[in-house]
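Have the structure open as you read.

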Amino acid sequence: MIGFMPQIYPDELFYSWICRYYIHSGSFSHKSVRNDFYCKKSDNISKEFIGNLNQHAKEVLSAMYPMEELILKHTMFPQYARFLSSDRKKEALYHLQYDYKDMHSLFPVLTRGSKDRYLKYCPVCASRDRIEYGEAYWHRSHQIRGIGICINHKCKLLTSSVPVKSEQSFSFCPAESIITETGADEKINPDELTYCRYLSDVFHAPFNIAENSPVNNLIYRALTKTQYMSATGSMLKTKLLSDNIKDFYTKMGISEIISFSQIQRTLLESRNDFSSICQLAYFIGISANSLTAQCSKKASVVKRSNPSPKDWRRTDEILAPKLRKLAYDIYNGNLNDLGRPDIVSERKIYKLLNLPCHSLEKLPECRLILKSFSETYDELWARRIIWAYNSLNGLGIHVICRSNLRALSGVKTANIDAVIPHLEQLTDSLTARSILKLLRRK
């Protein structure tokens with residue numbers, strides 16, 4: 001049980017906070033701390049995120065800080081989710097708070113370069129932390145991919161012995177016991193410092209979960225004013241752009257540089273990782289403010305042989321019946337091996353119908369169909385509970401217990417209370433009362 005929890009420091013990684021708990025709580029082993037916070041023995045201890053916290057840990061931590069605030073301000077979530085669509089941001093934030101999934105299933109995650117494989121630190125920050133707080137801690141800002149300089153103290157970040165990857169790792173490594181070097185290397189490249197400040201500004205910019213981030217349009221518009229776009233604006237000189245980017249960042253001392261194919265995928269919006277977008281945007285002169293402001297509004301789409309309004313209307317007419325059938329099947333679980341109901345999201349529709357992102361914005365009838373299937377996760381969980389109850393009844397199981405209901409529905413114990421208010425709205429009174437008795441039976 002968690003008895004004492006220290007205050008979290010400014011810009012501190014959540015992992016660092018738990019490491020300090022390990023020291024200050026007097027715990028005898030890493031295993032006991034892992035059991036205090038996480039659900040299962042197999043749960044990896046995440047360096048960049050919160051991980052699969054057990055219910056007791058969530059209650060203790062939520063009483064101190066809102067869980068969403070911890071994710072947005074003390075994990076690397078802004079780096080991975082910054083340029084995702086609104087639906088994907090919401091989905092990722094939901095799973096990190098309520099229904100844990102591994103980060104690789106939620107975000108585009110690139111292979112790490114040699115300089116980003118271990119936790120980094122600034123020796124000057126560590127010294128000042130010890131003076132101000134009595135101990136060093138792992139700073140979130142130092143772990144941004146591609147950053148090699150502390151922008152506050154203008155010195156090189158040093159690499160620790162603590163790997164960022166968490167697979168098969170169940171140890172807590174407090175910065176205070178790891179950081180021993182205190183000398184700062186003053187020889188830095190001023191161009192690299194400017195680039196690192198750019199990365200930091202983008203990372204720390206206000207984060208809007210509810211808005212989309214069509215940054216490829218912003219980048220494309222900026223490229224039309226450069227030598228990399230043909231005079232007619234119909235052809236991009238991607239090879240020349242790629243070669244010049246490579247020379248630019250190589251001279252700066254950056255080792256992980258966006259490739260030719262990554263540039264193509266970024267412009268086509270099939271790639272939206274933080275490093276690729278920032279490198280491309282910085283090279284062509286898009287300010288950090290412009291790049292992050294794009295995340296707070298829906299950009300006007302650059303015309304690149306787009307269909308005419310008449311074509312969109314025809315597409316809407318043809319696609320609407322297909323979308324209605326697909327949404328119905330998703331909603332009622334017809335696409336699931338178990339038959340379990342699912343939520344109808346834009347992301348699923350885009351994927352299953354092989355549609356370009358944001359195309360539904362031009363298809364009003366399809367958009368109305370999608371809206372008719374919209375629901376909250378609380379309502380989805382209630383529908384799954386009802387489905388599970390009816391399925392068990394249909395199998396002739398006369399004695400249904402709460403655990404069977406939860407196992408088949410996939411609804412976690414922590415979410416049961418959220419289900420109850422929706423039961424009578426989604427099924428008949430007799431079924432709702434029968435389910436309610438089961439859910440309240442411990």
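This is a predicted model: local features need pLDDT of at least 70, side-chain atom pairs count only at pLDDT 80 or more; totals for chains, interfaces and linings use all residues.

## The cores

Start at Leu291: leaving aside residues up to four places away in sequence, it touches Phe83, Tyr198, Val202, Val215, Leu218, Ile277, Cys278, Ala281 and Ile286. Leu291 is also one of the residues with the most contacts inside the largest nonpolar core, along with Phe37, Phe77 and Phe107. That core has 94 residues.

Another core lies apart from the largest one; it has 19 residues, including Tyr94, Ala388, Ile400 and Leu405.

Mean pLDDT for the protein chain is 86, with 91% of residues at 70 or more. Among the elements, helix α9 (residues 190-204) has the highest mean, 96, while helix α12 (residues 260-267) has the lowest, 84.

The stretch to watch is residues 297-307, where pLDDT is below 50. In the model this stretch has 20 contacts beyond near neighbours in sequence.

## Around Ser409

Now over to Ser409, which is found in helix α19 (residues 402-409). Is Ser409 buried or exposed? It counts as buried, because its relative accessibility is 0%.

What does the Ser409 side chain pair up with? One of its polar atoms lies 2.8 Å from the backbone oxygen of Leu405, and a polar atom of the Ser409 side chain is also 3.3 Å from the backbone oxygen of Arg406. Setting aside residues up to four places away in sequence, Ser409 touches Arg340, Arg384, Ile385, Trp387 and Ala388.

Helices α5 (77-81) and α13 (274-283) are the elements that give two or more residues to its lining.

## A loop residue

Last stop: Lys154, which sits in the loop between β2 (149-150) and β3 (155-156). Lys154 counts as partly exposed, because its relative accessibility is 40%. From Lys154 to Leu353 the C-alpha to C-alpha distance is 49 Å, and the two are 199 residues apart in sequence.

Conventions. Residues are numbered from 1 along each chain as its sequence is written. Side-chain values use heavy atoms; hydrogens and water are left out. Helices (H or I, at least four residues) and strands (E, at least two) are DSSP runs, numbered from the N terminus. Buried means under 20% relative accessible area, exposed over 50%, partly exposed in between (1.4 Å probe, protein chains only). A polar contact is a pair of N or O atoms within 3.5 Å; within protein, one must be able to donate a hydrogen and the other to accept it, and residues adjacent in sequence count only if both atoms are side-chain atoms. Contact means heavy atoms within 4.5 Å. A nonpolar core is a set of buried Ala, Val, Leu, Ile, Met, Phe, Trp, Tyr and Cys residues joined through side-chain atoms within 4.5 Å. pLDDT is the predictor's confidence in each residue, from 0 to 100.
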